Amino acid sequence: MKFKTYITVAAMVAVAMTACQEDMGSFDNIVYEPNAAKLTTVLMDGNVNEASGTVSASMAKPLGYDVNITFAADMDKLADYNELYGEEALPLPAENYEIPEPTATILSGAVSSAPVTVKITNLDQLDRNLVYVLPVSIVEAPIEVVASKQTSYFVVRGAALINVVANINENYCSLKDAGSATSLGSMSQVTVEALVKIDEFGKLISTVMGIEGNFLLRIGDAGVPDNQLQIATSNGNVTDAAWQFDTNKWIALAVTFDSSTGAVNVYFDGVKKGSTQTVGYRRAVNWNSGSFYIGKSYDDARYLDGCISEARVWNKILDEETLKDPSHPYTVDPESEGLVSYWKFNEGSGLLIHDYANGYDLICNSAPTWIPVELPK
């Protein structure tokens, strides 16, 4: 997990820099932490359990010998942070951080050290409703330390479960290596999920995911409203007027299918929108193919005009109680029993969509437009 660095309020930075300049003008040489005027923030979003950041040391001018500077947690500075930012942050517990190699060395003739790693661990042990701070200070140096540039603050706070999603308008995703996606084949029972927000309808067909002429979740068709979900199979299609989407609204879609009976159940936001049966389709779902797409079926024009997140495929029927869980649409354990693929669409850049369950990564036709969000609201 990467830290996010936020520059502090301009007036506060100006005060700090002024103090630093005054301090620096008082000594023949001094040492300081060059990023002490910034906050380094890690967000607890439930996706990862640890993070890492860095501190380093600099001097005003080089010396003819190596200079060792030691960093350590400095909880006495927590009061300074709380006063400066008007917060009531708690000290980050000792079991939630470590500084494996706390000594930074400025080599002879240089003015800056290599970075010192600060690890934040066991995020799942922390309360997402609280703010924790780890002040890290220069605690030992052979030359004078600038007091106003001595401490960096690592802030740990709760975040939304989903912070970025992918807009796949006029785009689609396919399996990067369909040949390796063996568990996506021979699924006699299947649950398909996706958190979607449709920006606009108006096309004959929009596609969620699946394989044309096999088993496909799509929206609209000839004789079907352009905002109504349809399960299209190789032997008949099923739909229902209750399966209609609103635009500009996040909907947690879940579809279950049992090949032994042809039973189909559709849920919007954990609420069952009706049950039906496929007319003649009683085969296992096979999506371990280069013909599997998210956002495409038959041709590129059948894209999904909107955003997608938390796309999942299970080789079992999820029960109604599970689907009603308020947190379920936004996160699940990647090691959950029966979870075949789990594409969070939270990368924030690039073409690759990582599969957190089995490594069946997707590759997009073009880079999605990455949209910052805070879900659930």
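Of the protein's 377 residues, 49% count as buried. The model described here is a predicted one. Its secondary structure consists of 3 helices and 28 strands. Along the principal axes, the C-alpha atoms fill a box of roughly 85 × 40 × 35 Å. The radius of gyration is 27 Å, whereas a compact globule of 377 residues would have one near 21 Å. When contacts between residues at least 6 apart in sequence are considered, 70% of them join residues at least 24 apart.

An open sheet is formed by 8 strands, which follow the order β19-β18-β17-β16-β23-β14-β27-β26 with antiparallel pairing. Its edge strands are β19 (236-244) and β26 (352-353), each of which pairs on one side only. In general, the strands of a sheet pair through backbone hydrogen bonds, in either a parallel or an antiparallel sense. Within this sheet, strand β14 (residues 173-175) and strand β27 (residues 362-364) are joined in the antiparallel sense over 3 bridges. Cys173 has Cys364 of β27 standing opposite.

Strand β18, which spans residues 224-233, holds Gln228. Is Gln228 buried or exposed? Its relative accessibility is 5%, so Gln228 counts as buried, the cut-off for that class being under 20%. Beyond its neighbours within four places in sequence, Gln228 is in contact with Arg218, Ile219 and Gly220, and also with Thr239, Asp240, Ala241, Trp243 and Gln244.

The interior comes next. In soluble globular proteins, nonpolar side chains tend to be buried together. Here the largest nonpolar core has 50 residues, and the members that touch the most others are Met209, Leu217, Leu229, Trp287, Ile294, Trp343 and Phe345. The element that gives the most to this core is strand β15 (residues 189-198), with 5 residues. Another core, of 26 residues, lies apart from the largest one and includes Val31, Val55, Leu123 and Ile138. What surrounds Leu217, once its neighbours within four places in sequence are left aside? Leu217 is in contact with Val192, Thr207, Val208, Met209, Leu229, Gln230, Ile231, Leu253, Val255 and Trp287.

In one of them, the ring centres of Phe257 and Tyr281 lie 5.7 Å apart with their planes at 45°, so the pair is tilted. Phe257 belongs to strand β20 (residues 250-258), while Tyr281 sits in the loop between β22 (271-277) and β23 (293-294); the pair therefore ties together parts that are 24 residues apart in sequence. Both partners are in the interior class: Phe257 counts as buried at 0% relative accessibility, and Tyr281 counts as buried at 1%.

The pair of Trp287 and Phe292 is likewise tilted, because the ring centres are 5.1 Å apart and the planes stand at 40°. Trp287 is buried, with a relative accessible area of 0%, and Phe292 also counts as buried at 0% relative accessibility. Ring pairs join Phe215, Phe257, Tyr281, Trp287, Phe292 and Trp343 into a cluster. Two members of that cluster, Trp287 and Trp343, were named above among the residues of the largest nonpolar core that touch the most other members.

Note on methods. Residues are numbered from 1 along each chain as its sequence is written. This is a predicted model: local features need pLDDT of at least 70, side-chain atom pairs count only at pLDDT 80 or more; totals for chains, interfaces and linings use all residues. Side-chain values use heavy atoms; hydrogens and water are left out. A nonpolar core is a set of buried Ala, Val, Leu, Ile, Met, Phe, Trp, Tyr and Cys residues joined through side-chain atoms within 4.5 Å. Buried means under 20% relative accessible area, exposed over 50%, partly exposed in between (1.4 Å probe, protein chains only). Helices (H or I, at least four residues) and strands (E, at least two) are DSSP runs, numbered from the N terminus. Contact means heavy atoms within 4.5 Å. Two strands pair if DSSP finds at least two bridges between them. The radius of gyration is taken over C-alpha atoms; the globule rule is 2.2 Å times the number of residues to the power 0.38. Rings of Phe, Tyr and Trp (its six-membered ring) pair if their centres lie within 6.5 Å; planes under 30 degrees apart count as stacked, over 60 as edge-to-face and the rest as tilted.
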